[in-house]
Amino acid sequence: PLPAGMAVPLERNREAVDAVLKQIPEMFANNRHGAPAGTAAVKACVEALKPVGGRVLAFMGTQPTGGLGKLSNRAAQAPNVGAKEAEKEPLKYLAPADKIYTKMATEAAEYQVAIDVFLLAPSQYVDVASLGTLPRITGGSLYRYPAFNTQLDFAQLHNDLRWNVQRPQGLEAVMRVRASNGLGVADYGGFYCKRTPTDVDLPALDCDKAIMCNMRYEERLNDGGEAYVQCALLYTTVRGERRIRVHTMAMPITSVLGNVFRAADLEAQTCDMIRKVSARLLGGSASIQNVKDQTITTTVNTLYAYRKFCASNNSTGQLILPEGLKVLPLYCLGLHKSPGMRSDAHADDRAAWLLNGLCSPVKMCVPSVYPRNFPVHRLGGECAAQGT
């Protein structure tokens with residue numbers, strides 16, 4: 001593309017833009033069709049937006065098998081073994097097939113360009129793990145429509161596209177988490193780009209995602225006092241206003257482990273478990289058995305600590321669980337049976353679920369492993385009146 005002038009204000013150039021869009025099918029009607037080069041098209045859009053930043057909405061109707069970042073069916077190359085043996089094999093196909101995807105996404109994030117990917121392929125495999133790297137690093141969104149059918153899926157596509165534009169969101173964001181003496185930031189989890197040790201770059205952020213932050217102890221905390229965590233976010237609204245948003249939280253410090261368990265947040269702990277599993281599997285070096293052992297160890301250690309230090313006076317044969325974490329083993333088992341950790345899950349289904357688990361807020365993470373059920377026969381007249 002040209003170095004400048006590719007991005008223009010829509011309001012002043014609406015007629016010209018509409019005319020170009022109408023001419024494109026006619027201009028290329030007689031062109032010889034080659035291998036799909038969707039990744040190269042995304043790269044061209046990023047280059048065009050570098051001077052101003054913005055958002056790329058990439059609609060891919062097939063796997064990009066030609067040009068820059070061409071892909072192949074990596075899932076078919078996996079060894080054909082039984083379910084038990086498959087769980088012990090590292091899932092290498094969950095890492096990007098080509099380093100160009102990570103490099104291109106990091107470069108786009110540097111110039112404040114977010115990439116949203118809409119996968120409309122009617123075929124079974126498109127390599128979601130590789131294409132999902134683009135929104136993962138740039139703070140974009142991934143939309144997948146398995147076995148896409150225009151008549152059946154158009155309404156969902158239209159609704160997703162409309163919400164993508166209209167939802168509350170910010171651009172060109174930089175986030176930093178600070179803590180009081182004795183605490184520090186261990187790591188983050190979610191869709192973001194981290195180019196410096198202290199800041200998190202978010203070319204785009206919206207209400208459908210959340211960033212996880214793990215804290216670590218750095219020195220002894222004073223019992224009875226308070227510890228503070230502050231999150232500062234500098235961003236630009238869709239109207240072009242530059243704003244800063246600051247959240248500060250004070251947490252009581254206690255040396256009584258029972259108080260910690262009484263204040264435990266079950267859904268936050270489950271979301272943290274899902275994030276760590278997703279990040280580890282998407283690295284391409286871990287196996288399903290590895291992450292299963294990891295989640296079981298986390299759950300057992302949590303409940304064992306409560307049994308040992310908070311309920312030691314009870315009978316050794318009695319099962320004692322903290323009130324706030326009673327269903328943690330159930331959520332752990334649900335995670336094992338999710339598409340992300342099932343040994344028989346399709347490669348793209350697994351990658352899409354893991355990418356969604358890596359960025360979803362708490363309210364959406366837990367239902368992904370243990371769906372909420374509602375008794376339909378008990379719904380009142382209000383729902384019937386609304387036609388729902």
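Predicted model: local features only at pLDDT ≥ 70, side-chain atom pairs only at ≥ 80, totals over all residues.
The salt-bridge partner of E87 is K292, and the closest N and O atoms of the two are 3.1 Å apart.

## Other salt bridges

In total, the count for this structure comes to 20 salt bridges. Another of them is formed by the side chains of R74 and D127, which meet at 3.0 Å, taken from N to O. These two residues also connect distant parts of the chain: R74 belongs to the loop between β1 (54-60) and α3 (83-88), while D127 belongs to the loop between β2 (113-119) and α5 (128-131), and they are 53 residues apart.

Are E47 and K50 buried or partly exposed? E47 has a relative accessible area of 27% and is partly exposed, whereas K50, with 17%, is buried.

## The chain as a whole

The secondary structure of the chain consists of 14 helices and nine strands, and the C-alpha atoms fill a box of roughly 80 × 55 × 50 Å along the principal axes. Of the 388 residues in the chain, 39% are buried. When contacts between residues at least 6 apart in sequence are considered, 75% of them join residues that are at least 24 apart.

The accessible surface of the chain comes to about 22300 Å², and carbon and sulfur atoms account for 54% of that area. The chain carries 43 positive and 35 negative charges, and the mean positions of these two groups are 3 Å apart.

Helix α11 (residues 328-336) contains several buried residues, namely L328, Y331, C332, G334, L335 and H336. What do the buried residues of α11 pack against? They pack against four helices, which are α9 (266-282), α10 (288-309), α12 (347-359) and α13 (362-369).

Leaving aside residues up to four places away in sequence, T133 touches P96, Y101, T102 and A105.

## A nonpolar patch on the surface

On the surface, V20, L21, I24, M27 and F28 form a nonpolar patch, and together these residues have about 480 Å² of accessible area. I24, one of the members of this patch, is found in helix α1 (residues 14-27). The relative accessibility of I24 is 38%, so this residue counts as partly exposed. In general, an α-helix has 3.6 residues a turn, so residues three or four places apart point the same way.

Methods
Residues numbered from 1 in each chain as written. Heavy atoms only, no water. Patch = residues over 30% accessible without salt bridge, like charges linked within 9 Å, V, L, I, M, F, W, Y side chains within 5 Å. Areas by Shrake-Rupley, 256 points an atom, 1.4 Å probe, with all protein chains shown as cover. Salt bridge = Lys/Arg side-chain N within 4 Å of Asp/Glu carboxyl O. Buried < 20%, exposed > 50% of the residue type's maximum accessible area, 1.4 Å probe, protein only. Contact = heavy atoms within 4.5 Å. Lys, Arg positive; Asp, Glu negative; His and termini not counted. Charge placed at Lys NZ, Arg CZ, Asp CG, Glu CD.
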